[in-house]
Amino acid sequence: QVQLVESGGGLVQAGGSLRLSCAASGRTFNSYPMGWFRQAPGKEREFVAGTRWIAGNSYSGYYADSVKGRFTISRDNAKNSVYLQMNSLKPEDTAVYYCAAGRDRGTSQAVAVANYDYWGQGTQVTVSS
């Protein structure tokens, strides 16, 4: 059974930083897409950041325009994990953040909810002004 478990959410002041972690179990995702989405109250779940496997332990990251330059996604194959470093946080970044993993290596940029097959339970990030 595949499980994705997020951690690292919390309350932070505007301008601060948080690092989210997501550990996968039940299968390895080394060459498959993994990413982060978020959902604010009353809004649709939206793409935040994703990774595209290049070769070996090399990945490229891609981001939503709203977080580009502030967030950095990374992966650790040995730990079957994906991370999201969030800097210069803004109140509009407040949301539940979800880790996701997919089974299709053919998508160059997996930015849609439908591109992912497995989801974590979510971790709350609250940014105060």
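**Close-up views of side-chain pairs in a predicted model**

**View 1. Asp 117 and Arg 103 meet in a salt bridge.** The closest N and O atoms of Asp 117 and Arg 103 are 3.4 Å apart. A salt bridge here is a side-chain nitrogen of Lys or Arg within 4 Å of a carboxyl oxygen of Asp or Glu. Both residues lie in the loop between β9 and β10, so the pair ties together parts that are 14 residues apart in sequence. Strands (E, at least two residues) and helices (H or I, at least four) are DSSP runs, numbered from the N terminus. Asp 117 is partly exposed at 35% relative accessibility. Arg 103 is partly exposed too, with a relative accessible area of 49%. Buried means under 20% relative accessible area, exposed means over 50%, and partly exposed is in between (1.4 Å probe, protein chains only).

The model is predicted: local features need pLDDT of at least 70, side-chain atom pairs count only at pLDDT 80 or more, and totals for chains, interfaces and linings use all residues. Residues are numbered from 1 along each chain as its sequence is written, and side-chain values use heavy atoms, with hydrogens and water left out.

**View 2. Arg 38 and Asp 93 form a salt bridge.** The N to O distance is 2.9 Å. Arg 38 sits in strand β4, while Asp 93 sits in the loop between β8 (81-86) and β9 (95-101). The two are 55 residues apart, and the pair links distant parts of the chain. Both Arg 38 and Asp 93 are buried. They also belong to a network of salt bridges that includes Glu 46 and Arg 70.

**View 3. Asp 65 pairs with Lys 68 in a salt bridge.** Their side chains meet at 3.1 Å, N to O. Asp 65 is exposed, with a relative accessible area of 66%. The structure holds five salt bridges.

**View 4. Aromatic rings gather in a cluster.** Ring pairs link Phe 37, Phe 47, Tyr 62, Tyr 116 and Trp 119. Rings of Phe, Tyr and Trp (its six-membered ring) pair if their centres lie within 6.5 Å; planes under 30 degrees apart count as stacked, over 60 as edge-to-face and the rest as tilted. The structure holds six aromatic pairs. One of them joins Phe 37 and Trp 119, edge-to-face, at 5.0 Å centre to centre and 65° between the planes. Phe 37 lies in strand β4 (residues 34-39) and Trp 119 in strand β10 (residues 118-119), so this pair ties together parts that are 82 residues apart in sequence. Phe 37 is buried at 1% relative accessibility. Trp 119 is partly exposed at 25%. Tyr 116 also pairs edge-to-face with Trp 119, at 6.1 Å centre to centre and 65° between the planes. Tyr 116 is buried, at 5% relative accessibility.

**View 5. Arginine charges sit over two rings.** The charged end of Arg 45 is over the ring of Trp 119, 4.9 Å from its centre. The charged end of Arg 19 is over the ring of Tyr 83, 4.2 Å from its centre. A charge sits over a ring if NZ of Lys or CZ of Arg is within 6 Å of the ring centre and within 35 degrees of the ring normal.

**View 6. Trp 53 lies in strand β5 (residues 46-55).** Trp 53 is partly exposed, at 36% relative accessibility. Its side chain reaches the backbone oxygen of Gly 56 at 3.0 Å. Leaving aside neighbours within four places in sequence, Trp 53 is in contact (heavy atoms within 4.5 Å) with Asn 30, Ser 31, Ser 58 and Tyr 59.

Methods: Polar contact = N/O pair within 3.5 Å; in protein donor to acceptor, adjacent residues only side chain to side chain.
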